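Subject: Structure for your review

Dear colleague,

Please find below the structure that I am handing over to you.

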Amino acid sequence: MQVFRGVPEHSAHGCVLTIGNFDGVHRGHQALLAKLVALSRATGLPSAVLTFEPHPREYFAHENRPRRLTSLREKIQLLADQGVDRLYIGRFNSRFAALTAEEFVEDILIRGLCVRHLMIGDDFCFGKGRKGNFAMLQAAGREAGFTVESMQTLAHEGERVSSSAVRAALAEGDMPHAARLLGRPYSIRGRVMHGDKIGRTIGFPTANIQLKHRSPPLMGIYTVSVEGLADKPWPGVASVGVRPTINDAGRPTLEVHLFDWDQDCYDAHLKVNFLVKQRDEERYDSLEALTAQIARDAEQARAYFAQNPL
């Protein structure tokens, strides 16, 4: 997949395009992208996705912005996995936010991306004040020579599939529900960083994985599998939180204790799949009390894998 920062001023080559934030690339996104790729192959035009950085709701909401399900790097990988040919990452800033719906159609869709077929979600709005909608796109398409198709929101077992629904499932600790909405276990990818190495002094060494955002969509202790170390997923137990017993610095960290793993994994880029939530993060009066609880967490995770081998 080709990745472009920004939208070109002019393109002479047509494309089949969809637009959206695609946070999480859940089952609804996947259904839309599958149709996009199929149409691309049928027409011989490249499939293209236009997404935004930062998320428009992050730009407008500031402190009330939604917790991201995926970092930009994760989203790029997930979109590539769906077979998309091109990804355009539009910088969402004051200039972009000020574009009227008419300017968006002319500058972005027609001149910038040379859209030939546009596929959008049924709730897509765009332009300053969100005044652009499906009917406006259809009218513009008839005049400029591109077709527009809307994709109805996907329902799974009677529930609307959305990024908000995934966030709600993660906040509730319902990992199987989140996995059903995503079509896969929820995961976080990141590079293993050097930590303070307290884990190894208490018998539970951990891989400290860099979190790209200060507000991950889940917190607590989890049974996990880890990809990127061996030719198969590796079992473990993970903590996402602020480590109140150690330093309570306020910035969330992701620490994974890998079962029966004794090799150095610094700088490895890992994917941590969250399978079961065990409990919320707690503060303990002593390091000894924390160590005893970690041992119980590890035992619970090992019992899960004994029943559900990887």
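Two strands are said to pair if DSSP finds at least two bridges between them. Helices (H or I, at least four residues) and strands (E, at least two) are DSSP runs, numbered from the N terminus.

Please note that this is a predicted model, in which local features need pLDDT of at least 70, side-chain atom pairs count only at pLDDT 80 or more, and totals for chains, interfaces and linings use all residues. Residues are numbered from 1 along each chain as its sequence is written, and side-chain values use heavy atoms, with hydrogens and water left out.

The chain as a whole

The secondary structure of the protein chain comprises ten helices and 14 strands. Along the principal axes, its C-alpha atoms fill a box of roughly 70 × 40 × 35 Å. Of the 310 residues, 48% count as buried; buried means under 20% relative accessible area, exposed over 50%, and partly exposed in between (1.4 Å probe, protein chains only). Taking a contact as heavy atoms within 4.5 Å, 73% of the contacts between residues at least 6 apart in sequence join residues at least 24 apart.

Strand β12 and its partners

Strand β12 (residues 234–241) is mostly covered, with seven of its eight residues buried. Strand β11 (residues 220–227) runs antiparallel to β12 and is joined to β12 by seven bridges. β12 also pairs with β13 in the antiparallel sense, over six bridges.

Two residues with positive phi

Most residues other than glycine have a negative phi. Two residues other than glycine with positive values may interest you: Val25, with phi near 45°, and Asp267, with phi near 75°. Val25 is placed in the loop between β2 (15–19) and α1 (27–43), while Asp267 is in the loop between β13 (253–258) and β14 (269–279).

Is each of these residues buried or exposed? Val25 counts as buried because its relative accessibility is 1%. Asp267, by contrast, is exposed, because its relative accessible area is 52%.

With kind regards
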